[in-house]
Amino acid sequence: MNPKWAHDAVHRKAVREGYRSRAVYKIREIQKRFSVIRRSDNVVDLGAAPGSWLQELVTLTTGTVVGVDLNPIAPVEGAVTLVGDFTLPETQEEILRAVPVVNVVVCDAAPKLSGQRSYDQARAIDLGLQALTFAIRTLKPGGNFVVKSFQGEDFSFLLDSVRRQFRAVHVFRPVATRKGSAETYIIGKNFMGRSGNGMQDAGSASSPDVPADDSLDD
Ligand SMILES: C[S@@+](CC[C@H](N)C(=O)[O-])C[C@H]1O[C@@H](n2cnc3c(N)ncnc32)[C@H](O)[C@@H]1O
């Protein structure tokens, strides 16, 4: 978390309520509005540390919940936590060993910032595309997908890529998102399945152009 936000009111509320991050309120809003997780769904959370989405996900389903992150995630009761880069085949295999049937993929992953804004923005969009590629490879037909993204020119590339895979697609900016942040979430519902959409990979975007005064913070 960016230190300048470390003690804002929403963060303090999250800590008071026993959550590891203010991000919990975003997945809660998304679930309330779009019902992406059903009672027995198996859910994979990409970029899950420190684990507040996992804390919420285990309350929403009786299915298996798996969280993966580059950084270790302190145990969350009811969830499997893995350390690894979700874009790598070996990590994806490990995820699938923990949860062979995937009903929902959620991704709140954000790249480590280099300080070079256009480079950071491009990596953020690419990470979203990698999450989509993972979802296309693993989701059951009818499954759901949530991915964090950032508004800008290449946002529409990611959005269109999601639209090709899911029967209903929504763009949603949770109230819990910080003012001035370009962050937004794409929600794909009802995955069409690997056969029939003619696409196995989400591809990759180039040179995203997110407004310069917007933030990549969570
Ligand atoms: C905003 S945080 C996620 C917060 C989380 N949703 C929560 O509620 O606690 C973004 C996370 O994405 C992770 N991340 C970024 N790239 C990743 C990758 N390729 N594989 C796994 N995790 C990644 C980062 O390590 C970071 O912990």
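A helix axis here is a line fitted to C-alpha atoms over the stretch in contact, and angles between N-to-C directions run from 0 to 180 degrees. With that in hand, welcome to a set of close-up views of a predicted model.

**View 1. Helices H5 and H6 pack against each other.**
Two packed helices are described by the angle between their axes and the distance between the axes. For H5 (residues 117-138) and H6 (residues 155-163), the angle is about 10° and the axes are 10 Å apart. H5 is therefore roughly parallel to H6, since angles under 35 degrees count as roughly parallel. On the H5 side, look for Ile125, Gly128, Leu129 and Leu132; they meet Leu158, Ser161 and Val162 of H6. Sorted by class, this contact holds five nonpolar residues, two polar ones and no charged ones.

**View 2. Helices H2 and H3 cross.**
Here H2 (residues 24-34) meets H3 (residues 52-60), with axes that come within 8 Å and cross at roughly 35°. The crossing is right-handed. H2 brings Val24, Ile27, Arg28 and Gln31 to the contact, while H3 brings Ser52, Trp53, Gln55, Glu56 and Leu60. Four of the residues in this contact of H2 with H3 are nonpolar, three are polar and two are charged.

**View 3. Seven strands make an open sheet.**
To find your way across the sheet, follow the order E3-E2-E1-E4-E5-E7-E6, in which the pairing is mixed. Strand E3 (79-83) and strand E6 (166-172) stand at the edges; each has a single partner strand, so one side of each lacks a neighbour in the sheet. From one strand to the next, the twist averages 15°.

**View 4. Strands E1 and E4 run side by side in the parallel sense.**
Four bridges pair E1 (residues 43-46) with E4 (residues 102-107). A handy landmark is valine 44, which stands opposite valine 105 in E4.

**View 5. Strand E7 pairs with both E5 and E6.**
How many bridges join E5 to E7? There are six, and these two strands run antiparallel. Valine 146 faces isoleucine 187 of E7 across the pairing. E6 and E7 are also paired in the antiparallel sense, over six bridges. There, phenylalanine 166 has phenylalanine 191 in E7 as its bridge partner.

**View 6. Helix H2 lies across part of the sheet.**
The strands that H2 lies across are E4, E5 (139-150), E6 and E7 (183-191). Relative to E7, H2 runs at about 40°.

Is the peptide bond from alanine 49 to proline 50 cis or trans? This bond is cis, with omega near 5°.

**View 7. The confidence of the prediction, with a closer look at residues 206-218.**
Across the protein chain the mean pLDDT is 88, and 86% of the residues reach 70 or more. Over residues 206-218, however, pLDDT stays under 50. The model has 38 contacts beyond four places in sequence for this stretch. Where pLDDT is low, the predicted coordinates should not be read in detail.

Notes:
Residues numbered from 1 in each chain as written. Predicted model: local features only at pLDDT ≥ 70, side-chain atom pairs only at ≥ 80, totals over all residues. Left-handed = near helix turned anticlockwise from the far one by under 90°. Contact = placed C-beta atoms within 7 Å. Nonpolar A, V, L, I, M, F, W, Y, C, P; charged D, E, K, R; others polar. Parallel < 35°, antiparallel > 145°, perpendicular 65-115°, else oblique. pLDDT = per-residue confidence, 0-100. Pairing = 2+ DSSP bridges.
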